[in-house]
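Me: I have a model open and want to go through a few of its parts. Can we take them one at a time?

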Amino acid sequence: MSPTAEPVLLGIDVGTTNAKAGLVGLDGRLVASARASYPIDVNPEHGFAEQDSDAWWEALRSLARDLAGAMERVEVAAVAIAGHGPTLVAVDEAGRPVRPAITWLDTRANDEQEELSRQTGLLGWALGVLPKALWLERHDPAGARRARWYLNTWEALSLRLTGRAATSLVLGQSFQHRAALVAAGLDPDKVAPPVAAGSVLGSLTPEAGATLGLPAAVPVVAGVVDAFASFHGAGLLRSGDAIDAGGTAGGFGVYVDRPVAARGSFSTAAPLPGLHVVGGAMAATGKALDWFRDDVLGATIGTDQLIAEAATIAPGADGLLFLPYLAGERSPIWNPTATGAFVGLTVSHGRAHLARAILEAAAFAIRHVAEPMLEAGVEVREMRVCGGPANSPTWNRIKADITGFPIQVPRVKETAVLGAAILAAVAVGGHRDLESAIGAMVSIDERIEPDPGHRSRYDALYEVYTGLQPALDRARAAGATVDREPVAGGRAVS
């Protein structure tokens, strides 16, 4: 490497089904990027959603191999990881998993969540992985005995990179006192000591350096959940700045200058001083298009072509609506048994109509999450779109028209990768603070204003959309109460 090589940050985003990495300059320019995928084991009927966390480590190896050529031409000044969560990774002293990770999609710890909220006074994200840890203690005691640390995605990987276990906290997040953990039935010694997110955690170990193809002296910076990293990478700085998180699940969040209680949403300290965030995460709005492409159409068409076909269909998909609850739903209805549906199908609807309805459903879901916040007095000045969906002008236009929010499209769409790099840049002195780093490293490529000509049509469809899930619930309940008649062979039909 030349002594005049450009200094860059290695930002890594360990998502639910894909890991992304980028070499990012101090000006926010994406020098090189890579992606690797891995499976997740999900059974929504039982609330089960686990993942082999060793797959994340193998993904890091793959990302490093893909970036090796680019890394020879630059100087990596620091590494930072963002990741999906709250996801419990139970690991041994060296950071190796003792059982599969219990991901944020897993709903088996609902009772423990409520119990810990009563014990500690903390709600939602503020509890982090503790509800899942308590569930593990009760339902997999053998796995719990083997665990030395209960960590989140980015914390577990950072332990393997540095040898240091730590719980990464943003400004305003509290750390549980030992007495509260003991009262809740958890071993406090399995919760790693707190460190400030964005601080230098340590340096790459020789083994980790060899894995990433980097010198052992490269600093590793304490990371954050991917949503918080995306807030940074999307350029959120002021009250009223909002984000469409994109990704497998989908999510919406907006910065506010005070705590806000909104139905079906979470509210917590923002990862910037003096601000709070109110938001909600869905379950499968991003996954729905992949499901339609691969599982329904048999991977016979690419995503870009499918969206291009959807663009030929008029707003409203000729009366066809899609309910995107393929894995239950989180915000705002919080119903793990909710199911998806196409409603209004006729023989005149084709593949392009179904694709259009799926794209529109992702926007209706954002509006559904945002509506209680707006009712609570939250202002949305503009919404930044992120991830793969943000590459589609069609999808961005649909989101602007359905939500009524002005849309801004960042230059770097993988905002969690950029957000991790922003944390790293501040930690090693590349920028004075988070605000100045965000201002310097985030830029906007395009702005989209809502088309008022589509508002009345989408308003009418949105009213129908919000009534579909309760109607389906009533239909399922009615079907479950129908007397079953015996038939030949001992089987029954309803």
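Me: Start with helix H5, residues 153-162. How many of its residues are buried?
Reply: This is a predicted model. In it, helix H5 is mostly covered, with 10 of its 10 residues buried. Among them are Trp154, Glu155 and Arg160.

Me: Which strands does H5 lie across?
Reply: H5 lies across E1, E6, E12 and strand E13, which spans 219-225. The helix runs at about 140° to E6.

Me: And what comes just after H5?
Reply: Gly163, which takes a positive phi of about 85°.

Me: Back to the strands. What is the strand order in that open sheet?
Reply: The order is E3-E2-E1-E6-E13-E12, 6 strands with mixed pairing. Strand E3 (30-37) and strand E12 (200-203) are the edge strands, and each pairs on one side only. On average, neighbouring strands of this sheet are turned by 25° against each other, direction ignored.

Me: Which helix packs on the sheet and touches E3?
Reply: Helix H1, residues 54-71, packs on it and touches E1, E2, E3 and strand E6 (74-83). The direction of H1 makes about 150° with that of E3.

Me: E1 and E2, parallel or antiparallel?
Reply: Antiparallel, over 7 bridges between strand E1 (residues 6-14) and strand E2 (residues 18-25). Leu10 has Leu23 in E2 as its bridge partner.

Me: What about E20 and E21, parallel or antiparallel?
Reply: Strand E20, residues 382-385, pairs with E21 in the parallel sense, over 2 bridges. Arg384 stands opposite Gln408 in E21.

Me: Which residues of E21 are on which side?
Reply: Ile407 and Val409 are on one side, Gln408 and Pro410 on the other. They are all buried, so both faces of strand E21 (residues 407-410) are covered, where buried means under 20% relative accessible area.

Me: Change of topic. How many cavities of 30 Å³ or more are there?
Reply: A search of the whole structure finds 4. The largest cavity holds about 70 Å³ of space.

Me: What lines the largest cavity?
Reply: Its lining has 13 residues, and Asp244, Gly246, Thr285, Ala362 and Lys399 lie nearest the centre. Helix H11 (351-375) and helix H12 (393-403) are the elements that give two or more residues to this lining.

Me: How do the lining residues divide into nonpolar, polar and charged?
Reply: The lining of the largest cavity has 5 nonpolar, 6 polar and 2 charged residues.

Me: H11 also has His368. Why does His368 count as buried?
Reply: Because its relative accessibility is 12%, and the cut-off for buried is under 20%.

Me: Which residues is His368 in contact with, sequence neighbours aside?
Reply: Leaving aside residues within four places in sequence, His368 is in contact with Tyr325, Pro332, Ile333, Tyr462, Tyr465 and Thr466.

Me: Last one, Asp189. Where is it?
Reply: Asp189 lies in the loop between helix H6 (178-184) and strand E11 (194-196). Asp189 has a relative accessible area of 39%, so it is partly exposed, the range between 20% and 50%.

Me: What is Asp189 in contact with, beyond four places in sequence?
Reply: Arg148, Trp149 and Arg178.

Me: How far apart are Asp189 and Ala64 in space?
Reply: They are 34 Å apart, C-alpha to C-alpha, and 125 residues apart in sequence.

Conventions: Residues numbered from 1 in each chain as written. Predicted model: local features only at pLDDT ≥ 70, side-chain atom pairs only at ≥ 80, totals over all residues. Heavy atoms only, no water. Buried < 20%, exposed > 50% of the residue type's maximum accessible area, 1.4 Å probe, protein only. Helix = DSSP H or I, 4+ residues; strand = E, 2+ residues; numbered from the N terminus. Pairing = 2+ DSSP bridges. Axes fitted to C-alpha atoms, helices over the stretch in contact; angles between N-to-C directions. Contact = heavy atoms within 4.5 Å. 1 Å grid on protein atoms, 1.4 Å probe; cavity = no way out; pocket = protein on both sides within 12 Å on 5 of 7 lines; lining within 4 Å. Points joined across faces, edges and corners; volume = space filled by probe spheres on them. Nonpolar A, V, L, I, M, F, W, Y, C, P; charged D, E, K, R; others polar.
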